[in-house]
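Trainee: I would like to go through the helix packing and the voids of this model. Please give me the criteria behind each term.

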Amino acid sequence: MKIETIKTFGQLKKSGYESISIKEELRRNLLQKIMKKESPFVGIHGYELTVIPELERAILSKHNINLLGLRGQAKTRLARQMVGLLDEYIPMVEGSEINDDPFNPISRYAKNVLIEKGDNTPISWLHRDDRFSEKLATPDVTVADIVGDVDPIKAANLKLTYADDRVIHFGMIPRSNRCIFVINELPDLQPRIQVALFNILQEGDIQIRGFAVRLPLDIQFVFTANPEDYTNRGSIVTPLKDRIGSQILTHYPEDIETARTITEQETAEAIKAKANVYVPNLAKDILEQISFEARENDFIDAKSGVSARLSITAFENLLSTAERRALHTGDEKTSVRLGDFIGIIPSITGKIELVYEGEQEGVSQVAQQLIVDAVNTTFKEKFPKIEKLTKEGDSDPYAEIVAWFFEENDFELLDSFSDDEYKNELDRIIPLQQLIEKYQPETVKEDSYFLKELILWALAENKKLSRYSLGNGLHFRDLYGSYISGL
């Protein structure tokens, strides 16, 4: 029988529908997904062998869950995707404020309607998308917000005294009966608010302004928390932690490939909108390496974390930097240059928390150093180590490039260069192409110019060349020639 035809409790009983708890519902649907070899968590990368198996075990165990991890680790996204494990529709007593199950009513309203109308009780259907509630824990949250309070307006309209439980206005948690309820940043809840959750989690009792209301609520709780919160702003009180069945630790991507997959997924719209901008694979690797460098940098507070959103917003800014340059130069199509990375600094500065030494250094300076460190790390994976000193007779793969600058002593890569001018300028340095052909022979032509610029940056950082910012581009020259000229 289709749900469109089921409009009363009597019809629902004849259909053979069986009522189960939300935790059993999640468990049953997850079992079916696992048996079909289907992943219930789509678009979550890097957690296949760690977080997702633990989350699945928690659901199978019918646990309330706490996702513990630093910012930007997809905790809320995991919670939201649990909605996909719910039945598409469930029946409820029509007009119920708390989604009463007609087979197991818990509110006075639903019980009275069922007593009065019996099998003729009207039934409405609740879609899975409407069975997710989320609350960001902030210090100003009250018990009334999440549990409920006496409503004087309702008392006046119904001409009831405050002694009648019908004057209660239910809070977010009772209204989320038979739903997934998420509290983000749980430690930020004041301890007295956390205490109010004790019985709701375990016994199902709630008390509102002295009313001992027995409501065996059917809720799947998911909490998210940042471990730094335990010492910075607040903590999860011990009895509440004891009532949470599973605590699952999340983490950042463990390799560049996974990080790239996440960034490309989250920036798909930006990539589509800026289809005239080509991004070399090496540029994508450097972009992700910046986040990895930031998580190891001594100037950045490791306990605060470096969100995956850094790479996402930086990638969007990188595309926009190249797009803006192309508009100025008149190029219909362009490719990202290493010099364009200066445009992602605003995306970095807002995503990192500095320690005292970092504050002294300056956030913009730290951001620029992260880019340089990412360039150096990526360069070392592609080319031989740049030796500061070489013995006589030892071969130096970079000697010809350095010699070229000694002879030419003048080289600029300006932002105002069109793509053709940019490529022609780099093509002047013939030893660059020879180095790429020797050590990275599989490099496609579209990526070779970015790789040439990478080599110049690395030589400058390793004191083989000098690099200066011109405000509208970069100037490279022979290191010793710079000393002689006084620059």
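Trainee: In which hand does α21 pass α23, left-handed or right-handed?

Mentor: This is a predicted model, in which local features need pLDDT of at least 70, side-chain atom pairs count only at pLDDT 80 or more, and totals for chains, interfaces and linings use all residues. Residues are numbered from 1 along each chain as its sequence is written, and side-chain values use heavy atoms, with hydrogens and water left out. The crossing of α21 with α23 is left-handed. That term applies if the near helix is turned anticlockwise from the far one by less than a right angle; clockwise is right-handed.

Trainee: Why are α21 and α23 called oblique to each other?

Mentor: The axes of α21 (residues 419–427) and α23 (residues 445–461) cross at roughly 55° and come within 10 Å. Angles under 35 degrees are roughly parallel, over 145 roughly antiparallel, 65 to 115 roughly perpendicular, and the rest oblique. α21 and α23 are therefore oblique.

Trainee: Which residues make the contact between α21 and α23?

Mentor: From α21, Tyr422, Lys423, Leu426 and Asp427. From α23, Tyr449, Phe450, Lys452, Glu453 and Leu456. Contact means heavy atoms within 4.5 Å. These residues divide into five nonpolar, no polar and four charged. Ala, Val, Leu, Ile, Met, Phe, Trp, Tyr, Cys and Pro count as nonpolar, Asp, Glu, Lys and Arg as charged, and the others, Gly among them, as polar.

Trainee: What makes a space a cavity and not a pocket?

Mentor: On a 1 Å grid over the protein atoms alone, a 1.4 Å probe fits in a cavity but cannot get out; a pocket is an open set with protein on both sides within 12 Å along at least five of seven lines. Lining residues have an atom within 4 Å of a point. The whole structure has three cavities of 30 Å³ or more. The largest cavity holds about 70 Å³.

Trainee: Which helix gives the most to the lining of the largest cavity?

Mentor: α15, with four residues.

Trainee: What is the volume of the largest pocket?

Mentor: About 720 Å³. Its lining has 30 residues; Gly339, Ile342, Asp415, Gly473 and Leu474 lie nearest the centre. α23 is one of the elements that each supply at least two lining residues.

Trainee: Which helix gives the most to the lining of the second largest pocket?

Mentor: α4, with four residues. That pocket holds about 550 Å³. Among the residues closest to its centre are Lys75 and Arg309.

Definitions and conventions:
Axes are lines fitted to C-alpha atoms, for helices over the stretch in contact, and angles run from 0 to 180 degrees between N-to-C directions. Grid points are joined across faces, edges and corners, and a volume is the space filled by probe spheres set on the points.
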